[in-house]
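Colleague: I would like to learn how to read a structure like this one. Could we go through it feature by feature?

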Amino acid sequence: MSFDAIIIGGNFAGLSAAMQLARARRRILLVDAGAPRNRFSEASHGFLGQDGQTPAAIMQEGKRQLSLYPTITIRQGKVVRAQGDGDMFIVGTEDGGEERAARIVLATGVSDTLPEIPGLQERWGRSALHCPYCHGFEVSGGKLGVLANHPHSAHSAVMIPDWGATTFFTQGLFEPDEEQLVKLTGRGVRIERSPIVELLGNDPKLEAVRLADGRVVPLDAVFVAPKTTMASPVAEQLGCAFDDGPFGPVIRTGDNKETITKGVFAAGDAASAMHNATLASASGVLAGVHCHQSLLMQSAV
């Protein structure tokens, strides 16, 4: 028994790809490990029609809708290996299961690595945030911070004043250049050069940060961009190429979301430098549509 396509990952991108293929009446398998990147967030924001819903509720409803299509199989499990086998692919799961398919859609996502600062991990997705478009409105009007942990941090600090009074913590690592200083000053951003050494408050709430010089600075939320790595080894196993994104590697795809490995498509955070629920869903739609078109073109030959 084999499938037209196996979709690895059941978050926004994977579910959106599955919907296109299910509606095209293709026989597909969706395998979901159940550990989405957004599981730490209380709500998903900025996603039209889903604003304020928990990520888990959105995914649960998506799976319910998909289950109404007769050609889709949804399984809970973790894919640990994948390889080509002629014009097919073999996918193996952690429990020893094995399936075959003509196409693969990778919606495997990324894993976040945060700076090692006490109190940061416990607040991730609640008061320690990544995307102001996703969570900025909920903390607007408060005292906000930007923790510098990459070269683009100053750009983030220039944005955040639209949501509240902003302090840019250089952490002694990323001193703004002259042009950045002009922009930060013009936006009213306070620059703090003593590093944050601890986040304070009854987590997940943030009340203040302790600095290396002993001072305590009141803060309601801090924005920090984590370093990202592939959440799954499968893309590498399949011979996909990677590009260097601003926060970590990104699976290389063409406009049709196909990787350099023919028959393997990729969508979502693993294949984009911009991470957003709507963008992940949209890329899943494109991957599903182009995956279907590659199947029909093959059968037309």
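Modeller: Start with a pair of strands. Strand β15 (residues 221–223) runs parallel to β9, and three bridges join the two. Keep in mind throughout that this is a predicted model.

Colleague: Which residue of β15 stands opposite Val146?

Modeller: Phe223 does.

Colleague: What other strand is joined to β9, and by how many bridges?

Modeller: Strand β10 (residues 165–169) is joined to β9 by five bridges, and these two run parallel. Here Ala165 in β10 is the residue opposite Lys143.

Colleague: Which helix goes with β9 and β10 in a β-α-β unit?

Modeller: Helix α4 (residues 153–159) does, and the unit is right-handed.

Colleague: How many residues of β9 are buried?

Modeller: Strand β9 covers residues 143–147, and four of these five are buried, so the strand is largely enclosed by the rest of the structure.

Colleague: Now another strand. How many residues of β6 are buried?

Modeller: Seven of the nine residues in β6 (residues 98–106) are buried, so to read it in words, the strand is mostly covered.

Colleague: Which strands pair with β6 in the parallel sense?

Modeller: Strand β1 (residues 3–8) does, over five bridges, with Ile7 opposite Val105 of β6. Strand β19 (residues 264–266) also pairs with β6 in the parallel sense, over three bridges. There, Ile104 has Val264 of β19 as its bridge partner.

Colleague: Which strand pairs with β6 in the antiparallel sense?

Modeller: Strand β5 (residues 88–93), over four bridges. Val91 has Glu99 in β6 as its bridge partner. The two strands form a hairpin with four residues between them, and in the turn Gly96 has a positive phi of about 95°.

Colleague: Let us turn to helices. How far does α2 reach from its first C-alpha to its last?

Modeller: Helix α2 (residues 55–66) has twelve residues and reaches 16 Å, close to the 16 Å expected at 1.5 Å a residue.

Colleague: Which residues of α2 are buried?

Modeller: Pro55, Ile58, Met59, Gly62 and Leu66. Looking down the axis of α2, the buried residues fall within an arc of 95°, so they line one face of the helix. They pack against α1 (12–23) and β3 (72–76). Ala56 and Gln60, on the other side of α2, are exposed.

Colleague: How should I read a single residue? Is Leu129 buried or exposed?

Modeller: Leu129 counts as buried because its relative accessibility is 2%, and the cut-off for buried is under 20%. Leu129 is found in strand β8 (residues 128–129). Not counting residues up to four places away in sequence, Leu129 touches residues including Trp124, His135, Val139 and Phe223.

Colleague: How far apart are Leu129 and Gly141 in sequence and in space?

Modeller: They are twelve residues apart in sequence and 15 Å apart in space, C-alpha to C-alpha.

Colleague: Last topic: what is a disulfide?

Modeller: A disulfide is a covalent bond between the sulfur atoms of two cysteines. This structure holds zero disulfides.

Technical notes
Residues numbered from 1 in each chain as written. Predicted model: local features only at pLDDT ≥ 70, side-chain atom pairs only at ≥ 80, totals over all residues. Heavy atoms only, no water. Disulfide = S-S within 2.5 Å. Buried < 20%, exposed > 50% of the residue type's maximum accessible area, 1.4 Å probe, protein only. Pairing = 2+ DSSP bridges. Right-handed = clockwise from strand over helix to strand, strands pointing away. Expected span 1.5 Å × (residues − 1). Arc of directions from axis to C-beta. Contact = heavy atoms within 4.5 Å.
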